Amino acid sequence: MDSIFGLSHTATMLIWTLITIVFLIVLISKYKWNPFVSLLISALMLGLLTGMNAEDAISSITGGVGGTLGTIAIVIGLGTMLGKMMAESGGAERIATTLVNRFGQKRVHWAMMIVGFIVGIPVFFEVGLILLIPIVFTVARKTGLSIIKIGIPILAGLSTVHGLVPPHPAPMIAIKAYNANLGMTIFYSILVGLPTAIIAGPVFGNIISKRVHVEPPVELAEQFSLKSERELPGFGITLLTILLPVILMLAGSVAMIVDPAGTNGLTHFLEFIGDEIVALLISVVFALFSLGFARGFNKSEISKFTSECLAPTASIILIIGGGGAFKQVLIDSGVGNAIAELATSININVILFAWLVAALIRVATGSATVAMTTAAGIVAPVLAMSPGVSVELVVLATGAGSLFLSHVNDAGFWMIKEFFNMSVSQTLKTWSVMECILSVVALILILLLSFVI
């Protein structure tokens with residue numbers, strides 16, 4: 001790759017990346033090209049522009065699609081089945097009705113944030129979204145409120161714990177790299193996370209829902225609506241069904257924390273059933289009985305539900321795979337390393353430095369986990385030379401940075417766009433801005449905490 005106008009290798013790579021991202025946005029938003037095709041073209045273009053040979057670029061794209069969808073396709077499939085059983089049985093309707101009655105229609109978006117925060121603790125963001133999307137649609141339909149006003153608080157709750165709260169994988173990576181205290185990190189993460197989720201969720205959601213108006217995607221909204229006047233299931237069994245994967249995953253996480261060496265047979269069992277795929281599989285089978293046979297459905301009806309619900313997810317899965325391809329090319333081409341080099345040349349406060357490194361890598365690669373992992377490796381040596389700094393706060397700063405500005409190279413961006421039936425522009429105004437608010441508010445609170453501890 002030749003440099004542009006005599007600029008450095010790093011600067012040239014960043015310019016090509018910016019050009020490719022602009023090209024991708026224009027292709028989708030102005031010319032209305034299919035996002036999956038656009039993502040593949042842009043990934044190939046970026047690879048070639050940044051100096052990868054054609055074979056490596058293609059290998060990176062196929063690896064990115066496969067690596068992203070290896071787990072997420074199964075998660076979306078199982079999660080959609082669970083959501084379908086929630087909808088057909090009236091379970092989503094029951095939870096929506098109970099929340100609206102308890103909190104009142106004016107405050108139901110606060111309930112959504114709490115639900116997102118709790119459900120998100122042990123599960124990946126995508127898993128939590130799949131589990132909760134039927135409730136978003138149902139509450140929006142029952143209350144007449146915008147799906148943006150209902151959805152943004154749930155997304156804020158899920159995203160906050162994804163980046164900040166152990167035992168989530170991302171913060172656990174930094175805890176290990178920095179030798180931080182797990183208990184203190186959890187305490188500080190709740191202290192920082194709750195007000196952050198409130199500001200980015202119910203507060204921002206209330207404001208942005210007045211400016212961005214969208215209708216739920218017809219196929220998904222129809223799928224998640226109650227089809228008959230069948231008696232609703234009890235709140236307790238419905239809540240247990242939706243929280244079962246959460247409980248199983250949390251049990252697995254706790255077992256790994258209590259017995260990291262895996263010396264106990266029970267630990268291995270809990271880790272197994274706590275795996276996101278196994279937990280969701282167990283939960284779907286449980287739902288077939290708790291919300292299926294127990295509600296009077298026969299085996300033909302249940303088979304029909306679990307088959308027909310998969311069709312609307314096909315395009316979502318492909319688009320997420322395309323986002324994964326674009327992300328992988330960014331990583332394999334060395335753009336992530338170029339960002340890291342740029343950040344290390346700046347001499348600033350280590351908490352701010354950790355946030356900045358993670359934020360830049362997140363913007364470049366689109367992955368919070370990649371940002372957290374890469375930033376932890378860069379920040380750890382700097383932290384070792386910075387006595388007197390709270391290591392736990394540096395963990396949180398790295399996590400906060402890893403949430404910054406989700407955009408077109410993030411598979412999650414496309415997932416939100418498709419589920420909420422938004423344009424690229426609307427997704428940037430809602431989801432992307434929410435992620436920026438989360439990241440910056442968390443950083444401010446962490447810096448304030450650093451003055452008193």
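**View A. Phe 413 and its aromatic partner Trp 414 in the predicted model.** Phe 413 is buried in this predicted model, its relative accessible area being 0%, and Trp 414, also at 0% relative accessibility, counts as buried as well. The structure holds six aromatic pairs. A pair of aromatic rings is described by the distance of the centres and the angle of the planes.

**View B. The tilted pair of Phe 125 and Trp 431.** Among the six aromatic pairs of the structure, the rings of Phe 125 and Trp 431 have centres 5.3 Å apart and planes at 40°, so this pair is classed as tilted. Because Phe 125 belongs to helix H6 (residues 125–143) and Trp 431 to helix H21 (residues 424–450), the pair ties together parts that are 306 residues apart in sequence. Phe 125 counts as buried at 6% relative accessibility, and Trp 431 is buried with a relative accessible area of 2%.

**View C. The edge-to-face pair of Phe 413 and Trp 414.** Here the ring centres of Phe 413 and Trp 414 lie 5.2 Å apart with the planes at 80°, so the pair is edge-to-face.

**View D. A nonpolar patch on the surface.** Leu 18, Val 22, Val 26, Tyr 31, Trp 33, Val 37 and Ile 41 form this patch, and together they have about 630 Å² of accessible area. Helix H1 (9–29) and helix H2 (35–49) each supply at least two residues of the patch, the largest share, three residues, coming from H1. Leu 18, which lies in helix H1, has a relative accessibility of 55% and therefore counts as exposed, the cut-off for that class being over 50%.

Methods: Residues are numbered from 1 along each chain as its sequence is written. This is a predicted model: local features need pLDDT of at least 70, side-chain atom pairs count only at pLDDT 80 or more; totals for chains, interfaces and linings use all residues. Side-chain values use heavy atoms; hydrogens and water are left out. Patches are made of residues with over 30% relative accessible area and no salt bridge: like charges are joined within 9 Å, nonpolar side chains (Val, Leu, Ile, Met, Phe, Trp, Tyr) within 5 Å. Accessible areas come from the Shrake-Rupley method with a 1.4 Å probe; for residues, only the protein chains shown count as cover. A salt bridge is a side-chain nitrogen of Lys or Arg within 4 Å of a carboxyl oxygen of Asp or Glu. Helices (H or I, at least four residues) and strands (E, at least two) are DSSP runs, numbered from the N terminus. Buried means under 20% relative accessible area, exposed over 50%, partly exposed in between (1.4 Å probe, protein chains only). Rings of Phe, Tyr and Trp (its six-membered ring) pair if their centres lie within 6.5 Å; planes under 30 degrees apart count as stacked, over 60 as edge-to-face and the rest as tilted.
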